[in-house]
Amino acid sequence: MSFADLGLIPELLRAVEETGYTTPTPIQQQAIPVVLAGRDLLAAAQTGTGKTAGFTLPLLQRLHTQKPLHPGQRARIRALVLTPTRELASQVEESVKTYGKYLNLSSMVMFGGVNINPQTARLRQRLDILVATPGRLLDHAGQGTIDLGGVELLVLDEADRMLDMGFIRDIRRVLALLPKQRQNLLFSATFASEIRSLAHGLLDSPAEVSVTPPNTTVERIGQRVYPVDRDAKKALLEKLIIDGQWSQVLVFTRTKHGANRLAEGLDKAGIPAMAIHGNKSQSAREKALGEFKANRLRVLVATDIAARGIDIDSLPHVVNYELPNVPEDYVHRIGRTGRAGAGGEAVSLVCVDEHKLLADIERTIKLKIEKVVMPGFEPDPNAKPEPLRKPQQPRPPRQGQPRGHGQSNGQGQRPATQGKPGGQGQGQSRPTQPRSGNSSGNANGNSAGAGAGAPARRRRRPAPRPSGNV
Ligand code: AMP
């Protein structure tokens, strides 16, 4: 099967060809025809399956070939992609630009933690496709700087993670700003009941597609547990990296603080390392990721949320310095290695505190992981477990509680109080500025980063949003 067999137009086929991909991945084979047909979609697919092209290609084709469903006086945003993290938003918008380079469609990425003014300026121009994280999008809605009344296609990417991060209320707020008549695509790695209920309310007779059940991924990856004492983990990690001559390793910790400490410790020991987590500035995160991808940084230490959506091809080593609370996160973490058939190795350093977590993981992946005791690092048989530090993922706010307190979502700042966005699903947000009807410019090169330097008009100063501990 080729991309042409999926019914894609020549402009998209040409762009795909230039990326070097010749065969659509299973999610692309299943999702593209459904989306092209205008149907809603519920897709079980995680990062690494090619899901981004799976929705981006048909999305671009729909916008190119169909007249706007909700035309306004001026050109309006027609497609909205919501993602949980800045990194994923950037990557998705990159794909939009890559695949849309021969189409006359414009795109923008929007997330928090960066100056809002260039985004506001960009929103005044023609924009077809917006890729955004929910927090900053609602900031714009609250300030009346965005018109979502023209959205005819909505994508929720990594919906499970958005729910984990406490975004459910934000998502529902965004939904209330959109016209009722639209096509909806929901991508999620897992289908907990909360996702099912979100999907139920959102999707209209969706086609359901599912690829790479987590266990299949897991089986491809060499997994190993090193039982070790809590305080010996760092020394063991150093030994593994040095003796194994690992040149590129992604290490997961449970907390931001732990990530910082470990990265600093490794760096001091002569192993170049940096940490990424929700407390780091956008530029620091991008720098660390860039260095790591370019192979100039040997170790990237990350928390689960910060690492989510990071797309690094064929990562050879993943280390669970601490096990995650949720078995599904283990699957996501180790899915970073062994992609596209490449061999990969996932190592977990497990101390006495984590035995229950390990048992939960083994039950979930239906596999007993090989245990290897490293000579010189034998765990103390009399060690007593200590309670683990509290879960690092923010919980969704309780009913009736305003969001934005104690949440860490990597979105940076936003106002503590928000304008009431929109009415009952009729797209009542209003642009305060005219948006030019200029139809020049294509999806290539219209990102939010451009347009910096536009003067600020008026803005409430956003109250800092406390971040959690991821
Ligand atoms: P995603 O699951 O969207 O994050 O994509 C994972 C990786 O697969 C990315 O590096 C894509 O560039 C790559 N990819 C997407 N589609 C294909 C394809 N048809 N063939 C090979 N690689 C692909």
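Q: What should I know about the model before reading it?
A: The model is predicted, so local features need pLDDT of at least 70 and side-chain atom pairs count only at pLDDT 80 or more, while totals for chains, interfaces and linings use all residues. Residues are numbered from 1 along each chain as its sequence is written, and side-chain values use heavy atoms, with hydrogens and water left out.

Q: In what order do the strands of the open sheet lie?
A: Strands of a sheet pair through backbone hydrogen bonds, either parallel or antiparallel. Here seven strands form an open sheet in the order 10-11-9-12-13-8-14, and the pairing is parallel; strands are DSSP runs of E with at least two residues, helices are runs of H or I with at least four, and both are numbered from the N terminus. Two strands pair if DSSP finds at least two bridges between them. The edge strands, each pairing on one side only, are strand 10 (273-276) and strand 14 (370-371).

Q: Which strands pair with strand 12?
A: Strand 9 (residues 249-252) pairs with strand 12 in the parallel sense over four bridges, and His-317 of strand 12 is the bridge partner of Val-249. Strand 13 (residues 345-350) also pairs with strand 12 in the parallel sense over four bridges; there, His-317 stands opposite Glu-345, and Val-318 has Ala-346 as its bridge partner.

Q: Are the faces of strand 12 covered or uncovered?
A: In a regular strand the side chains alternate between the two faces of the sheet. Strand 12 (residues 317-320) is covered on both faces, with His-317 and Val-319 buried on one side and Val-318 and Asn-320 buried on the other; buried means under 20% relative accessible area, exposed over 50%, and partly exposed in between, with a 1.4 Å probe and protein chains only.

Q: How do helix 11 and helix 12 pack?
A: Two packed helices are described by the angle between their axes and the distance between the axes. Helix 11 (residues 233-243) and helix 12 (residues 256-268) pack at about 50 degrees, and their axes are 11 Å apart, which makes helix 11 oblique to helix 12. Angles under 35 degrees count as roughly parallel, over 145 as roughly antiparallel, 65 to 115 as roughly perpendicular and the rest as oblique. Axes are lines fitted to C-alpha atoms, for helices over the stretch in contact, and angles run from 0 to 180 degrees between N-to-C directions.

Q: Which residues meet where helix 11 packs on helix 12?
A: Lys-234, Leu-237 and Glu-238 of helix 11 meet Leu-262, Gly-265 and Leu-266 of helix 12, where contact means heavy atoms within 4.5 Å. Helix 12 also lies across strand 9, strand 10 and strand 11 (299-302), running at about 170 degrees to strand 10.

Q: How many residues of helix 15 are buried?
A: Seven of the eight residues of helix 15 (residues 327-334) are buried, so this helix is largely enclosed by the rest of the structure. Among the buried residues are Asp-329, Tyr-330, His-332 and Arg-333.

Q: What does Gly-54 touch?
A: Gly-54 lies in helix 3 (residues 51-65) and is buried, with a relative accessible area of 0%. Not counting residues up to four places away in sequence, Gly-54 touches Gln-28, Ala-31 and Ile-32. The C-alpha atoms of Gly-54 and Ile-32 are separated by 5.8 Å, although the two residues are 22 residues apart along the chain.
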